[in-house]
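Here is a short briefing on one protein model. Look over the sequence and fold first, then read the points below.

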Amino acid sequence: QTLAALLKTEETRLKTLDISWNRIGQKGHVVAIGEALRVNRSLKTLSIGHNRLDEKCVENLALGLKDNPTIEYLDLSSCRPRDRGSRAIGEMLKFNKSIKFLDLEGRNGFILVM
């Protein structure tokens, strides 16, 4: 929750955030981070892979990233977004024009470089 609050502040200058391998998928932290990404304008790299994110987590991240103009690199490797999460990512990519690299590698995943 503290991290999400930091991301929401206009004073933050954080460019890279790597919270991979932290088991945050089921704890509600991803919902708060997704909400923070809606207003954050400094972050360029977000690595959140290997966190056992369920579909709801991925959907919340996708909603937060939909209008985020700064994220260029997004690592969701081994997150297994499944059907709803994958659809949410696809929908987000229709609107988000800043993401240049998307890593969904892992079980039946892929890497997309745009």
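Leu76 is in contact (heavy atoms within 4.5 Å) with Ile48, Gly49, Leu53, Leu61, Ile89, Leu102, Asp103 and Leu104, leaving aside neighbours within four places in sequence. This is a predicted model: local features need pLDDT of at least 70, side-chain atom pairs count only at pLDDT 80 or more, and totals for chains, interfaces and linings use all residues. Residues are numbered from 1 along each chain as its sequence is written, and side-chain values use heavy atoms, with hydrogens and water left out.

**Nonpolar core**
- The largest nonpolar core has 30 residues.
- Such a core is a set of buried Ala, Val, Leu, Ile, Met, Phe, Trp, Tyr and Cys residues joined through side-chain atoms within 4.5 Å.
- Buried means under 20% relative accessible area, exposed over 50%, partly exposed in between (1.4 Å probe, protein chains only).
- Leu53, Leu74 and Leu76 have the most contacts inside this core.
- Two or more core residues come from each of α1 (2–8), α2 (29–37), α3 and α4 (82–95).
- Helices (H or I, at least four residues) and strands (E, at least two) are DSSP runs, numbered from the N terminus.

**Helix packing**
- α3 and α4 pack at about 5 degrees, with axes 8 Å apart.
- That makes α3 roughly parallel to α4; angles under 35 degrees count as roughly parallel, over 145 as roughly antiparallel, 65 to 115 as roughly perpendicular and the rest as oblique.
- Axes are lines fitted to C-alpha atoms, for helices over the stretch in contact, and angles run from 0 to 180 degrees between N-to-C directions.
- The residues of the α3–α4 contact divide into seven nonpolar, one polar and seven charged.
- Ala, Val, Leu, Ile, Met, Phe, Trp, Tyr, Cys and Pro count as nonpolar, Asp, Glu, Lys and Arg as charged, and the others, Gly among them, as polar.
- α2 and α3 pack at about 10 degrees, with axes 7 Å apart.
- α2 is therefore roughly parallel to α3.
- The α2–α3 contact has seven nonpolar, three polar and no charged residues.

**Two loop residues**
- Gly49 sits in the loop between β2 (45–47) and α3 (55–66).
- Gly49 is buried, at 0% relative accessible area.
- Beyond four places in sequence, Gly49 touches Ser20, Trp21, Asp75, Leu76, Ser77 and Cys79.
- Pro81 lies in the loop between β3 (73–75) and α4.
- Pro81 counts as buried, at 13% relative accessibility.
- Pro81 touches Glu55, Val58, Ser86 and Ile89, not counting residues up to four places away in sequence.
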